[in-house]
Amino acid sequence: MVTLETPRLVLRRWREEDVAPMAAINADPEVMRWIRDGSVRDEQQTRSGIQAWESEWESRGFGLFAVEIRSTGELAGFTGLSVPGFLPEVLPAVEVGWRLGRSHWGQGLATEAAAAAVRFGFEERGLRRIVSIAQVGNDASERIMTKLGMRAVRETVHPTGGRRVRVFELSSEQYAPTHPPMTLEDGPQRRRRTT
Ligand SMILES: CC(C)(COP(=O)(O)OP(=O)(O)OC[C@H]1O[C@@H](n2cnc3c(N)ncnc32)[C@H](O)[C@@H]1OP(=O)(O)O)[C@@H](O)C(=O)NCCC(=O)NCCS
């Protein structure tokens, strides 16, 4: 089990009790506006999605984290690493992504969470390159990519949805941690990172 801690957040694996709050986030049209065709998802689709994310953790050793507010224990949404199979032209690749409930926007939380996921990918999983993909117009996401040190490398069309997307990337050589050290739990031991 992997758990990452940032100043305000805990990034952890998924639990049954996350289904309802994540379903509420997925049911908000404003949250889903820039995702695929913009349609919302119900509780059953959310449950299946979480099961698929957990399977990816088991098979790949990385995945999407549940993002919890440290001070309250509330589920804020997700961030983490996945394989962007929906865009074959960028493969092989690992993508960093994010989705937070609207009440958590505008506080820098997505950047804080994503920076921890990027650090995990490069430092703990030895990735050489991380991409991020957003529909053209999703300016908040592009801003996060820029704050993570990523650069736009490609603009293309989503092969099934037809919407335009921009691909950003960051290599392990370009990567420079911009956030303070965090605590990492891996297995029964707990150790404090010093880099
Ligand atoms: C995208 C999302 C995660 C941003 O969450 P957040 O916690 O508010 O993000 P942060 O505060 O860390 O950073 C957002 C940055 O974008 C900026 N921003 C926000 N809305 C913006 C907009 N409409 N246009 C331009 N910049 C915008 C913010 O000012 C901030 O930049 P700053 O720190 O320089 O001021 C959140 O809006 C979300 O979950 N959206 C729906 C899901 C989604 O679109 N996911 C991504 C799919 S690719």
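Predicted model: local features only at pLDDT ≥ 70, side-chain atom pairs only at ≥ 80, totals over all residues.

The chain holds five helices and ten strands. Its radius of gyration is 16 Å, close to the 16 Å that the globule rule gives for 195 residues, so the chain is as compact as a globular protein of that length. Along the principal axes, the C-alpha trace spans about 45 × 40 × 35 Å. Buried residues make up 50% of the 195 residues. Now take the contacts with a separation of 6 or more: 62% of them are between residues 24 or more positions apart.

Next, helix 1, which covers residues 19-26. Which of its residues are buried? They are V19, M22, A23, I25 and N26. Looking down the axis of helix 1, you find these buried residues within an arc of 155 degrees, so they line one face of the helix. For background, an α-helix has 3.6 residues a turn, so residues three or four places apart point the same way. What do the buried residues of helix 1 pack against? The partners are helix 2 (29-32), helix 3 (43-60), strand 4 (75-82) and strand 5 (95-100).

Helix 3 also holds E43. With a relative accessibility of 41%, E43 counts as partly exposed. Leaving out residues up to four places away in sequence, E43 touches V19, A20 and A23. V19 and A23 are among the buried residues of helix 1.

Rolling a probe the size of a water molecule over the atoms shows where empty space is left. The largest pocket has a volume of about 1,300 Å³. It is lined by 50 residues, and the closest to its centre are I35, F78, G97, W98 and R99. Which element gives the most to this lining? Helix 3 does, with seven residues. Other elements that each supply at least two residues include helix 1, helix 4 (109-124), strand 6 (129-135) and helix 5 (139-147). By class, the lining has 24 nonpolar, 17 polar and nine charged residues.

Is S141 buried or exposed? It is buried, with a relative accessible area of 9%. Not counting residues up to four places away in sequence, S141 touches W98 and A134.

Last, two points about the backbone. As a rule, most residues other than glycine have a negative phi, and most peptide bonds are trans. Where does R36 lie? R36 is in the loop between helix 2 and helix 3. Its phi is near 45 degrees, a positive value in a residue other than glycine. R36 counts as exposed, at 57% relative accessibility. The other point concerns L91 and P92, which are joined by a cis peptide bond with omega about -5 degrees. P92 lies in the loop between strand 4 and strand 5.

That is the end of my list. Questions, please.

Terms used. Residues numbered from 1 in each chain as written. Heavy atoms only, no water. Buried < 20%, exposed > 50% of the residue type's maximum accessible area, 1.4 Å probe, protein only. Helix = DSSP H or I, 4+ residues; strand = E, 2+ residues; numbered from the N terminus. Arc of directions from axis to C-beta. Contact = heavy atoms within 4.5 Å. 1 Å grid on protein atoms, 1.4 Å probe; cavity = no way out; pocket = protein on both sides within 12 Å on 5 of 7 lines; lining within 4 Å. Points joined across faces, edges and corners; volume = space filled by probe spheres on them. Nonpolar A, V, L, I, M, F, W, Y, C, P; charged D, E, K, R; others polar. Rg over C-alpha atoms; globule rule 2.2 N^0.38 Å.
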